[in-house]
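Subject: Structure handover

Hello,

Here is the structure I promised you. Please open it next to this email and follow along.

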Amino acid sequence: MKTKIVATIGPASNSSEKLLALAEAGVSVFRLNFSHGGAADFVAIIDRIRAVERTLARPITIMQDLSGPKIRLGLLPEKTISVSKGMRLLLGPTDKRVAETPYLPFDHDVILESLEPGDRMVLADGGLQFAVRERRADGLVELEAENAGLVTSRKGLALPGKATKVRALTEKDKKDLADGLKLGVDAVAVSYVQTADDVREAKELIAAAGKCVPVVVKLERQSAVDNLDAILRETDVVMVARGDLGVECPLPHLPALQKRIISACNKASKPVIVATQMLLSMVNSPAPTRAETTDVANAVLDGADCVMLSEETAMGNFPVETVRYMRRITDEAECLLLLNRKLEEPDADKGIPEFLAYSACLLADKAGAKALVSHSLSGSSARQVSARRPSQPIYALTPDPVTVKALNFVWGVEPVFVKNPEEEPSHLIRAENFIHNSPTFAPNDCAVITAGQVKGSSATPRGTNLVKIYWK
């Protein structure tokens with residue numbers, strides 16, 4: 001159970017019984033989709049998740065997913081427009097509607113003004129594709145259909161490869177974020193991020209609310225992929241949101257793009273989630289397709305920390321069975337991953353934390369250690385160890401209530417909350433006491449400890465500076 005499972009909560013899974021069953025089946029993170037509700041809709045669900053957390057006596061993470069600036073058409077008076085290949089249509093504000101040709105109402109002035117001849121536009125998650133042919137003197141934009149289909153009101157619209165000035169956080173998102181923080185969410189996912197500034201804005205709003213929770217960046221725009229290095233320096237977690245990303249880029253490019261994103265996250269020791277249509281057939285079927293099974297396994301083999309379920313658990317007929325199946329797939333993939341694993345030395349430009357993590361994993365292999373035990377305030381050392389993909393489990397001790405929930409996104413890590421840390425200031429002794437008192441470790445079992453401690457057990461730690469082999 002090294003790969004973490006994220007499950008979206010909806011009508012099919014929001015009861016106390018289903019939430020408990022999902023957690024027992026292997027869910028570490030519950031996703032609340034604020035595209036389909038506001039804070040008031042999630043109060044009872046959060047209470048039920050906290051009750052499950054108490055029942056199981058382990059940290060469970062609640063991730064708020066903000067809806068972001070989903071760009072949509074307006075309302076079509078004719079309800080439906082049948083589009084044929086080569087048909088010309090006009091795009092423009094609702095109040096400028098003309099009758100000379102099929103008209104698509106679109107009330108986003110900033111985006112309208114940015115459209116240029118040659119731009120591509122897609123509707124309905126890529127089902128309909130258009131090319132911009134002309135910007136007219138009256139401000140309307142003429143489109144030419146590149147395939148046939150039906151256009152209906154409020155269809156989502158995307159501009160593949162085109163950066164826009166639309167910020168990731170809308171006014172609704174800012175309100176939802178404030179409300180979610182009051183309800184006690186443990187992480188916040190930001191949709192349609194384009195630059196590192198979007199991440200900084202989210203973190204500033206969280207700090208202004210007096211909170212500190214990790215930010216999950218959803219990579220859905222080509223511009224975000226282009227700015228990945230800068231975004232990685234700011235974000236805490238990355239999600240490969242393949243639905244909208246598959247609209248932004250040609251679908252044949254998506255597998256390689258997923259691999260490149262995961263690799264970049266692994267090198268930066270930032271947790272990465274792979275999402276969208278992972279076991280979609282299980283919305284209506286008790287078993288996945290062969291292709292879905294392979295897709296989930298390949299995400300694990302690529303280096304994903306988490307795999308995510310959306311409709312499958314939110315509205316599917318088999319939410320618990322889906323999680324159980326996903327766990328079986330990830331367990332098998334992990335066996336193959338570890339069988340082929342080679343412990344590689346960090347690149348020469350990496351710092352001391354990466355080399356300490358590498359040393360800890362090397363020692364664990366050589367000593368036949370039962371586990372690695374990492375004590376950390378921020379969780380950084382546990383993430384560094386996880387990035388090396390050791391075969392041993394990683395127990396991450398922390399007295400920080402935010403960090404213990406954030407570690408649920410990290411591959412192979414079992415977070416352990418240190419209660420009453422004032423009773424034992426030494427991080428090393430805390431780790432040794434955990435091993436000594438845990439029934440997981442038998443007498444004479446060996447563990448490798450990483451911790452941060454300066455001289456004098458009550459001094460302020462300054463990052464991981466210690467690796468020790470400890471026998472119980």
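First, a term you will need: a crossover is right-handed if, with the strands pointing away from the viewer, the path from the first strand over the helix to the second runs clockwise. Keep in mind that this is a predicted model.

**The barrel**

In what order do the eight strands close into a barrel? The order is β1-β2-β3-β12-β13-β14-β15-β16, and the pairing is parallel. On average, neighbouring strands of this sheet are turned by 25° against each other, direction ignored.

Now go strand by strand. β1 is residues 4–8, and four bridges pair it with β2 in the parallel sense. Look for Ile5: it stands opposite Val27 in β2. Between these two strands the chain passes through helix α1, residues 16–25, and this β-α-β crossover is right-handed.

Next comes β3, residues 61–65. Five bridges join β2 and β3, again in the parallel sense. Here Leu32 has Gln64 of β3 as its bridge partner. Helix α2, residues 43–56, sits in the right-handed β-α-β unit made with β2 and β3.

β3 also pairs with β12, residues 187–190, in the parallel sense, over three bridges. Gln64 turns up again: it stands opposite Val188 in β12.

**Buried or exposed?**

Why is strand β2 largely enclosed by the rest of the structure? Seven of its seven residues, 27–33, are buried, so the strand is largely enclosed. Buried here means under 20% relative accessible area.

**The helices**

Start with α1. Its buried residues include Leu19, Ala21, Leu22, Ala23 and Ala25. What do the buried residues of α1 pack against? They pack against β2, α2, α11 (311–314) and α12 (319–339). Gly26 follows α1, and its phi is positive, near 135°.

Then find α5, residues 196–208. Helix α5 lies across β12 and β13 (215–219). Its direction is at about 155° to β13.

Best wishes

How values were computed
Residues numbered from 1 in each chain as written. Predicted model: local features only at pLDDT ≥ 70, side-chain atom pairs only at ≥ 80, totals over all residues. Heavy atoms only, no water. Buried < 20%, exposed > 50% of the residue type's maximum accessible area, 1.4 Å probe, protein only. Pairing = 2+ DSSP bridges. Axes fitted to C-alpha atoms, helices over the stretch in contact; angles between N-to-C directions. Contact = heavy atoms within 4.5 Å.
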